Structure formats: structure tokens, C-alpha cells
Amino acid sequence: MCYAIPGRVEKIEDNKVIVDYFGEKRKALNELTRLNVGDYIYAQGGYVVTRIPSEEAESILALWKEEFFNLQEVDLKLSRLSLNQEKDSKLLGILDKASQSKLLTKDQILYLLELKDTNELELLYKTANFLRQRNNKNSCCVHGIIEISNYCRQGCHYCGISNNNKELKRYRMTQDQILEAAKEAVEVYGFKSLVLQSGEDAGYSIDELAEIVKKIKEDFPSLIFISFGEIGLEGLEKLYQAGARGLLMRFETSNPHLYQQVHPGMNFESRLKHLQKAYSLGYLILTGSLIGLAGQRTEDILNDIFLASRLNAEMFSFGPFIPHPHTPLANQSQVQVDEVLKVLAVSRIVAKPDAKILLTTALETLNKEASKRALLAGANSLMLNVTPLSYRPLYSIYPNRAHETEEITAQIESTLSLLRSIGRAPTDLEVI
Ligand code: SAH
């Protein structure tokens, strides 16, 4: 099973390489030694992940060749945009401007975030999909997430694995179990990019985490994202040295007052410092917020999108807050799918052209149709859960998570068939 299409190295300039995919050129950073022009590689998230023997690459490419162009055609058809409608509305003016990649004013963005009418929302989604296609073609990156521990020292009010949930059975995977899960994800299922996530678990030292990252990187070549919460600025540095190249850390809300309300004992500034430090170290930044917390205003969401941009997000991660029964926010109401789709679409409009917009598992959890709708509203990235099935239900950040009990093969099958149906290919490099 293979998600990334092999690319052929066309040009090497220091650590930058140009990669060819059936005549289409993309760029990537290379940290592998002994890479030559003409070599075939897998790349992910802008990084060359591994080299592949030519014969193997050529036989995979032969299988992909026809499909690659068919997919592009399907995608192109689905992302056509026609804003020449009868109505000379304010909305059309804003979307027309957005479709030309002109900067929108704050008021215009707020207007988009406040849309309610179904037809108007569809136009917003179509504009975002148009921009996604124009800037990123039909690339869609698929990451595998391994949730290594559900122990957490924090007490976030929305989160089911918070330290305050005394009803949850806790688990912590051993180093061998983590390596085994990574091996399976990379060698059996073909993932090129892994996210290692946990609560803030003092049960692993930074040195242990660094050793795990290093071993995965050495033995199972992949782009590694870490998501262990606030591990300290030095911790970030050590894990970067060990080979981690991405940080998944949401700031959860850009409203400091709301942040304080739902994160007792935590510090907004400290979270931001982690994100800033990570960027300065060279990490790819995946960040964003929860949508639908009580007290969150549309203006807060606008600021969330701006903050993600200011933090240099490579990937925008905005998902619905889903109330968990064993948390202080158990009785809050559930945000609607469109409220989240709107944020994805507006993120696509506001973000740098090559940004990735994540379709979150939480959104998939709200509604099965939501995945496809998100991918057609600007999203171009998703995560499959490769945590061992025995632990997965225990990583209960919110109830009934999508894929909680689904074998990896079934997740892969349904994801690939969804991607195919809308013309997306699992390539993951910036188009140049
Ligand atoms: N310890 C890591 C990982 C936290 S869990 C960190 O601090 O970054 C990963 C994400 O799950 C969180 O960032 C949060 O946004 C999300 N999450 C937690 N509870 C949730 C809920 N009830 N509904 C939706 N998302 C939730």
C-alpha cells in the first residue's frame, strides 16, 4: 500500500531538490546523504523521506501514470468556479477578490465567517476549493498518528484525557511498542509521515522521547511530527536534533481570557513561545484552535486564523470541540459542521498559498459526509489513526472518535476511495 507517489530527482542545489512527478515539478528539502540526480524518492511535507530502488519506483509509477492524470482531471472539474451569478451581492464581490488572491479586509473575512445561508456557504466552499486546486493541484497528504500515551498532567476543561478524568483507564506504550507501531505504519502500510502524540506525560523523559524519534527516523524513514504538549524549549531542541521535523500544537484559542478559562494553571504565552521556538528551530508548524467553545465569538475565530498565519503554520488545524461526558464542559452544545467548514474555507483564503488545511478526525466524527465536504472546502490533508487497536479507545479526548475501532486497512481503503472519487492524489509537495 502506498500513499506517496515516487518522484524523480531532477536537480540538486545544496539541500534543495527539484522533484519530477510525471512532468510536474515540485520542490523539497533533502537531508539524505548520497542523493543523486535521477534517483527516485518519496517526499512528504516538503522533505525527502527516503530513496527507493529505481525498478521498484518505475513499476509503481507505471501503475500510477494513467490514474495520476485522470485524478487531476476529476479534481479540475470539481474545482471550477463560476461567480458570474445574477445577484450582484456583497458576497460575490468578496469571493471574487479572494479568488484572485487579493487580500481581504478584516470586515470582509468576518462577513464570510458569519455566513449562514446554505447557498452562500456553498459559494464560499467552492471558492476555497478553487484556490486549493489552483495553488496546490490535487495533492493530499495523509499522515499516520500514533497516540503513545493518554497520561496527562494538565486539566484542560474540554479534554477527556485530562488529569481530572479519574474514570479513564490510562496507558503508556513502551519504547518497543511505539517502534513496532511505527514499523507497521511505515513498512506494512506505507505511511511516509508519522505524528507521535500523547497527553503531557512526565512518564517519558525528553531523552527517552528523543531516542524513540531517532530510532524511528533511522529504521523506518518518515517525516516525524511530535505532539506531546509543552515539553519545554530545550525539549523541542533535543527532539529536533533527534530528527523530529514537525510540531503539532494547537494554541486552542487566540483569546487569552478564554484560554485561561479552559486551561486552569496553564499559560497562553508559554504555548505561543513553544510554537515560536519550534519555528525558529526549523520545525514545520501545525497549529490552530478548537471551534465551538462556549464564549468564543466570531471575532475570536478570525483572530485564530490570523494567529495561525502569524505563527507560520504550514498546516492549519481547526476542528470542532466535541463535549466529553467526563469533563467540566460536558453539557456544552455541539457546534454544527458548517461552522467548522466555514473556518477551513476561510483559512484557505487567508493562508499562504501552499498551506495545508487539515480535515480533522473530530470533524469526521460529527458526520460521515463531513470529510468529503471539508476536502471540497479547502482541506487537503488528513490523518489516519495507526495507534494499536487495544489502546485507541483509551485515547478518549472526546467520545466516539471516528476510526476508534477501525482496522488500519479499512481506514486506508475508505480514505483512498474517497480521495479517488474527488480526484486527489497522495502527493505532498509544493507545486512550482
Ligand atoms: N498534549 C498534546 C496533545 C493534546 S490532544 C498537546 O497539548 O498539544 C490533541 C488535541 O485534541 C488538542 O490540541 C485539542 O485541540 C484536541 N481536543 C481535546 N479535547 C477535545 C474535544 N473534547 N473535542 C475536540 N478536540 C479536542
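Angles under 35 degrees count as roughly parallel, over 145 as roughly antiparallel, 65 to 115 as roughly perpendicular, and the rest as oblique. The model is a predicted one: local features need pLDDT of at least 70, side-chain atom pairs count only at pLDDT 80 or more, and totals for chains, interfaces and linings use all residues. Residues are numbered from 1 along each chain as its sequence is written, and side-chain values use heavy atoms, with hydrogens and water left out.

Two packed helices are described by the angle between their axes and the distance between the axes. Here axes are lines fitted to C-alpha atoms, for helices over the stretch in contact, and angles run from 0 to 180 degrees between N-to-C directions. Helices (H or I, at least four residues) and strands (E, at least two) are DSSP runs, numbered from the N terminus.

Start with helix H2 (residues 90-99) and helix H3 (residues 106-113). They pack at an angle of about 115°, with axes 11 Å apart. H2 and H3 are therefore roughly perpendicular to each other. Their crossing is left-handed, a term for a near helix turned anticlockwise from the far one by less than a right angle; clockwise would be right-handed. H2 brings Lys 90, Leu 91, Ile 94, Leu 95 and Lys 97 to the contact, and H3 brings Gln 108, Tyr 111 and Leu 112. Contact means heavy atoms within 4.5 Å. By class, this contact of H2 with H3 has five nonpolar, one polar and two charged residues. Ala, Val, Leu, Ile, Met, Phe, Trp, Tyr, Cys and Pro count as nonpolar, Asp, Glu, Lys and Arg as charged, and the others, Gly among them, as polar.

Stay with H3. Its residues Gln 108, Ile 109, Leu 110, Leu 112 and Leu 113 are buried. Buried means under 20% relative accessible area, exposed over 50%, and partly exposed in between (1.4 Å probe, protein chains only). Against what do the buried residues of H3 pack? The partners are H2, helix H4 (118-136), helix H10 (298-310) and H11.

H11 also meets H4. The axes of H4 and H11 come within 9 Å and cross at roughly 40°. H4 and H11 are therefore oblique to each other. This crossing, too, is left-handed. Leu 121, Leu 124, Tyr 125, Ala 128, Leu 131, Arg 132 and Asn 136 in H4 face Asp 338, Leu 341, Lys 342, Ala 345, Val 346, Arg 348 and Ile 349 in H11 as contact partners. The contact of H4 with H11 divides into nine nonpolar, one polar and four charged residues.

Two residues of H11 deserve a look. Lys 342 sits in this helix, which spans residues 337-350. Is Lys 342 buried or exposed? Lys 342 is buried, at a relative accessible area of 1%. Leaving out residues up to four places away in sequence, Lys 342 touches Leu 112, Leu 113, Glu 114, Leu 115, Lys 116, Leu 121, Leu 124 and Tyr 125.

Val 350 also lies in H11. Val 350 is partly exposed, with a relative accessible area of 23%. With the sequence neighbours up to four places away left out, Val 350 touches Ile 109, Ile 305, Phe 306 and Ser 309. Val 350 and Ser 101 are 249 residues apart in sequence, yet 8.9 Å apart in space, C-alpha to C-alpha.

Now the cysteines. The structure holds zero disulfides, a disulfide being a pair of cysteine sulfur atoms within 2.5 Å. For Cys 140, the nearest cysteine sulfur is that of Cys 141, 6.2 Å away. Cys 140 counts as buried, at 0% relative accessibility. The sulfur of Cys 152 is 6.1 Å from the closest cysteine sulfur, in Cys 156, too far for a bond. Cys 152 is buried as well, with a relative accessible area of 15%.
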